[in-house]
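This report goes through helix packing and a metal site in turn. The structure is shown first.

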Amino acid sequence: MRKLLLVGSAMAVALSSFNAIADGKATYDASCAACHTAGVAGAPKVGDSGAWKERLGQGMDILVEHAIKGYQGKAGYMPPKGGFSNLSDDQVKEAVAYMLDSSK
Ligand code: HEC
């Protein structure tokens with residue numbers, strides 16, 4: 001029992017040391033990739049640096065707010081948290097950071 005507890009806490013330390021980009025990738029793959037990898041319904045594609053540069057012009061805070069609260073833009077509709085209301089605001093923020101990092 002004691003040994004199990006030790007293993008558990010070692011895993012927790014290992015998990016918490018993953019950086020935000022890695023966490024963001026996991027969230028992105030599970031919740032955002034369906035639209036943002038292929039550009040479904042007008043979603044800006046991850047990897048399209050031109051599309052993201054323009055959007056980043058409004059500031060990271062606005063991008064994150066649009067991803068959390070949802071956003072009707074000229075290209076289409078971004079559902080709040082991509083439709084995954086179980087995600088925390090921080091998880092969405094990490095996913096946006098990952099998307100931007102992968103679209104430089
Ligand atoms: C159902 C499809 C869909 C899913 C799933 C989705 N998005 Fe989007 N997203 C869109 C569309 C469409 C737009 C473009 C809206 C526009 O500008 O007209 C968009 C735009 C965005 C933008 C740019 C907002 C801006 O202000 O320019 C961000 C950031 C974003 N999505 C993040 C995410 C994140 C993070 C997830 C996963 C948690 C996600 N999206 C999941 C469809 C989706």
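## Terms and basis

Contact here means heavy atoms within 4.5 Å. Helices (H or I, at least four residues) and strands (E, at least two) are DSSP runs, numbered from the N terminus.

The model is predicted: local features need pLDDT of at least 70, side-chain atom pairs count only at pLDDT 80 or more, and totals for chains, interfaces and linings use all residues. Residues are numbered from 1 along each chain as its sequence is written, and side-chain values use heavy atoms, with hydrogens and water left out.

## Helices H4 and H5

On the H4 side (residues 60-69), Met60, Leu63, Val64, Ala67 and Ile68 meet Asp89, Val92, Lys93, Val96, Ala97 and Leu100 in H5. By class, this contact of H4 with H5 has nine nonpolar, no polar and two charged residues (Ala, Val, Leu, Ile, Met, Phe, Trp, Tyr, Cys and Pro count as nonpolar, Asp, Glu, Lys and Arg as charged, and the others, Gly among them, as polar).

## Helices H2 and H5

The axes of H2 and H5 come within 7 Å and cross at roughly 85°; axes are lines fitted to C-alpha atoms, for helices over the stretch in contact, and angles run from 0 to 180 degrees between N-to-C directions. H2 is therefore roughly perpendicular to H5, a term for angles of 65 to 115 degrees.

Residues of H2 in this contact include Tyr28, Cys32 and His36, and those of H5 include Ala97 and Tyr98. The contact of H2 with H5 divides into eight nonpolar, four polar and four charged residues.

## The iron site

His36 (NE2) and Met78 (SD) are the protein donors of the iron atom of the ligand, lying 2.0 Å from it; donors are N, O and S atoms within 2.8 Å of the metal (3.2 Å for Na, K and Ca). His36 is in helix H2 (residues 20-36) and Met78 in strand S2 (residues 77-78), 42 residues apart.

Technical notes
Parallel < 35°, antiparallel > 145°, perpendicular 65-115°, else oblique.
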